[in-house]
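Let's take a walk through this structure together. Have a look at it first, and then we'll go piece by piece.

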Amino acid sequence: MPRFSSLRVRLLLPVLLAMGPLAALVLYATEERNREAELAAGREAAGLARMGAVSEARLIEGGRQLLATAAKVPTVLGGDRILSTLFLADLLRRNPRYLNFAMTEPDGRVVYSGARLPAGASCAGLPSLARAVATREFAVGEYRMDAETGSAALDFALPLLGKSGDVQRVMVARWRKLQGTFTR
């Protein structure tokens, strides 16, 4: 007797044939749902990237404005080491997201600083300082881990130009990302 003639096979065959389209529909629906989830994840990632870019642009513009304003203060421009140090220390206290504000020579030697630095301290290794001196424009460094705080830090530098257009001094700031927070 052929194998397909048993009662069990005859009863099972219509059930299996009826379930085929249902199984195909489930597979299609699952694939469609996965495709929609991928698209949604892509949209969300793009939105987060836009938010990050806007946040970073605000941070950079805020840093530029803060340095430009501080650089115009007569105390800082006057060059009085004690008064300038006190001003920058107060500026630092009022802006806790910053690790330091400093006035440097174009070669990076620190003239005065809001944070206590060892004698002979230098900012010469900062890419933002070198870029600011070379371009004679506000410059932004790169995100780096700050050795002291262990948090991400970003440097800003604003060259102060003399009447002949040469860089007289450079105002430098180091911003830090507080742990577990986003910039606004």
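Which residues of helix α4 (residues 127-135) are buried? They are S128, L129 and A132, where buried means under 20% relative accessible area, worked out with a 1.4 Å probe on protein chains only. Helices here are DSSP runs of H or I with at least four residues, strands are E runs of at least two, and both are numbered from the N terminus. Look down the axis of α4 and its buried residues fall within an arc of 100°, so they line one face of the helix; that arc is taken from the directions from the helix axis to the C-beta atoms.

Before going on, a word on where this comes from: the model is predicted, local features need pLDDT of at least 70, side-chain atom pairs count only at pLDDT 80 or more, and totals for chains, interfaces and linings use all residues. Residues are numbered from 1 along each chain as its sequence is written, and side-chain values use heavy atoms, leaving out hydrogens and water.

So what do the buried residues of α4 pack against? Their partners are β1 (98-104), β3 (139-140), β5 (152-161) and β6 (167-176), with contact meaning heavy atoms within 4.5 Å. Just past the helix, R136 has a positive phi of about 60°.

Now follow β1, where seven of seven residues are buried. This strand runs antiparallel to β6, joined by six bridges, and T104 has V170 as its bridge partner there. Strands count as paired if DSSP finds at least two bridges between them. Three bridges also tie β1 to β2 (residues 110-113), again antiparallel, with A102 opposite S113. Five residues sit between the strands of this β1 and β2 hairpin, and G108 takes a positive phi near 100°.

Technical notes. Buried < 20%, exposed > 50% of the residue type's maximum accessible area, 1.4 Å probe, protein only.
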